[in-house]
Each structure stands twice: as C-alpha cells, then as structure tokens.
Amino acid sequence: MASTSHGGGGVAARMRNAASTFCSDSQPLIADIRKTVLLMKDIAVQLEKDNLPDKVKELEDAVIELVGLSELSVQFSSAVQVFANRYQPGEEFTNFSKLFEDELSEFKANQSSDLPKHPLIRQFKEAVWKVHHAGQPMPGEEQEDIVMTSTQSNILNVNCPLTGKPITELVEPVRSMECRHIYENKIIMQYLKSNQQRGRCPISGCPRILQADKLVQDPLLLIEIDEMRKMNKETEVEDFTMLDED
C-alpha cells in the first residue's frame with residue numbers, strides 16, 4: 001500500500017480517525033481478557049486448595065497466553081496511533097506497510113517481553129502460592145517484591161505532572177511510549193509545542209525526551225484508569241466503614 005502527497009492532508013486526518021477508532025474497538029477485548037484472568041485466578045486458588053496442581057498449571061499456561069494476546073493488542077494499537085500521528089504526506093510514494101512494521105518493531109523493542117513478570121501473571125502466581133505458603137516469599141523473590149504485586153500496574157504516576165490533577169480526573173489522558181508516564185493531552189501538547197514538539201518529561205527525575213507523536217491513548221490506559229477509579233471508591237467505602245465502627 002502506498003500514497004503520494006495528493007490529498008495528503010485528508011489521508012492523514014482519516015488515518016488518525018481510523019487509529020482512534022481501532023483503539024476504542026480494542027478496549028472491550030482487553031477488558032474482557034483482564035476480567036477472565038481475574039476469574040481464572042479465583043478458580044486456580046480453589047483448585048490449589050483441592051490439591052490439584054496439574055489443573056492449576058493448565059490455568060496458569062492459559063493465563064500467560066491470554067495476557068500475551070492482550071499485550072500484543074496494546075502494542076499493535078499503540079503502533080497504529082504513533083504511525084498515524086507521525087505520517088507526513090510527501091511527493092514520493094509512501095510504503096505504508098513498511099513504515100507500520102518499522103513502528104511496531106520499535107515499539108516491541110521498547111517494551112518488556114518478560115510475560116512471567118507481568119502484574120496480572122504475578123498476581124495469579126502469588127494468589128496460588130499463598131494458599132499453602134501464606135507469609136512466605138515465592139521462590140526467587142524477596143518479600144518486598146511480593147508485597148508490590150498486589151498493587152503493581154502499568155500506571156507509573158497517579159497525578160498529571162503539569163496540572164496536578166489525579167489521572168482519574170483527566171479529560172483526555174495520554175501515555176508516553178518513551179517513559180510510560182501519563183499526562184493531560186491538551187496540556188502536554190502545549191508544553192511540547194513551546195519546545196518544538198520535543199521536551200524532557202515533566203515528571204521529576206525522569207530523563208526521557210518526549211515526542212508529540214509518541215503520546216498515545218493506548219487501549220489499556222482507560223481500562224487501568226477506570227480500575228484505579230473503582231479501587232479508590234472501594235477504599236473510600238472502607239474508610240467510612242472504619243469511621244462508623246469507631
């Protein structure tokens with residue numbers, strides 16, 4: 001598939017709209033996978049209690065496969081958005097297939113491919129391990145690592161560094177493909193515009209240089225923010241319950 005500059009502006013706009021639609025269409029699939037993995041974790045815990053390790057291992061293998069599919073969907077969707085953001089019409093033919101494949105390869109190279117360390121998989125293993133080893137660290141891990149698995153996620157910052165707002169209150173959150181930090185889209189774009197579309201991540205201590213075309217709303221981002229929003233509400237309910245008891 002190739003293109004020239006004729007009608008390039010319209011092509012670029014259509015590509016960005018298509019990329020946004022593709023991302024939105026991916027969200028239900030990823031959300032369903034996450035719900036399924038949580039359900040499988042509960043089933044595995046019961047199977048472990050019933051001393052059926054072979055069945056637990058089958059579930060673990062299935063969880064790893066599902067999480068892998070979810071990660072691939074996120075990678076593909078993010079690469080599509082970056083490709084659409086970066087596309088600039090030119091006089092020569094554009095090889096869309098090659099450009100997209102290059103973008104996807106670059107994105108995969110920048111992401112962790114160690115699925116066993118994925119938060120959902122680690123939480124699955126931790127839940128099963130605790131059935132017979134409560135309070136003990138899993139083999140090869142320190143106690144601190146296990147404590148972190150219950151809260152570990154892909155969300156690295158809970159507030160936008162430029163607005164100070166919690167990410168659960170952002171109007172249009174986007175995530176950097178360079179450092180994975182999250183910002184309010186309009187504000188971070190203004191920040192980068194004042195720096196010729198590039199600038200250091202405004203998170204204190206982060207050395208990464210941001211690029212406007214690599215700020216995306218990957219399909220997992222809104223799901224994780226929604227999960228954080230629900231978790232915050234549950235914590236508020238627990239706090240109020242404890243106050244009532246006092």
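Q: Which residues does N159 touch, leaving out those up to four places away in sequence?
A: N159 touches G164, K165, P166, I167 and I182. Contact here means heavy atoms within 4.5 Å.

Q: What kind of model is this, and how are residues numbered?
A: It is a predicted model: local features need pLDDT of at least 70, side-chain atom pairs count only at pLDDT 80 or more, and totals for chains, interfaces and linings use all residues. Residues are numbered from 1 along each chain as its sequence is written, and side-chain values use heavy atoms, with hydrogens and water left out.

Q: Back to N159. Where does N159 sit?
A: N159 is in the loop between α5 (143–149) and β1 (173–176). Helices (H or I, at least four residues) and strands (E, at least two) are DSSP runs, numbered from the N terminus.

Q: Why is N159 called partly exposed?
A: Because its relative accessible area is 35%. Buried means under 20% relative accessible area, exposed means over 50%, and partly exposed is in between, with a 1.4 Å probe and protein chains only.

Q: How far apart are N159 and E169 in space?
A: They are 9.1 Å apart, C-alpha to C-alpha. In sequence, 10 residues separate N159 and E169.

Q: Now the sheet. Which strands form the open sheet, and in what order?
A: Three strands form it, in the order β2-β1-β5. The pairing is antiparallel. Two strands pair if DSSP finds at least two bridges between them. The edge strands are β2 (182–184) and β5 (215–216), and each pairs on one side only.

Q: What packs on that sheet?
A: Helix α6 (residues 185–193) does, touching β1, β2 and β5. The direction of α6 makes about 90 degrees with that of β2. For such angles, axes are lines fitted to C-alpha atoms, for helices over the stretch in contact, and angles run from 0 to 180 degrees between N-to-C directions.

Q: How many bridges join β1 to β2?
A: Three, and the two strands run antiparallel. V174 stands opposite Y183 in β2, and P173 stands opposite E184.

Q: What lies between β1 and β2?
A: Five residues, and the two strands form a hairpin. In the turn, R180 has a positive phi of about 75 degrees.

Q: And how many bridges pair β1 with β5?
A: Two, again in the antiparallel sense. There R175 stands opposite V216 in β5.

Q: Which way do the β1 residues point?
A: P173 and R175 point one way, V174 and S176 the other. All are buried. In a regular strand the side chains alternate between the two faces of the sheet.

Q: New topic. Which residues touch the most other members of the largest nonpolar core?
A: I167, Y183, I188, C201 and L210, out of 19 residues. A nonpolar core is a set of buried Ala, Val, Leu, Ile, Met, Phe, Trp, Tyr and Cys residues joined through side-chain atoms within 4.5 Å.

Q: Which elements give two or more residues to that largest core?
A: β2, α6 and α7 (219–245). Helix α7 gives the most, with three residues. Apart from this core lies another, of 13 residues, among them I33, M40, L59 and F124.

Q: Last one: how many helices and strands does the chain have?
A: Seven helices and five strands. The chain has 246 residues, and buried residues make up 40% of them.
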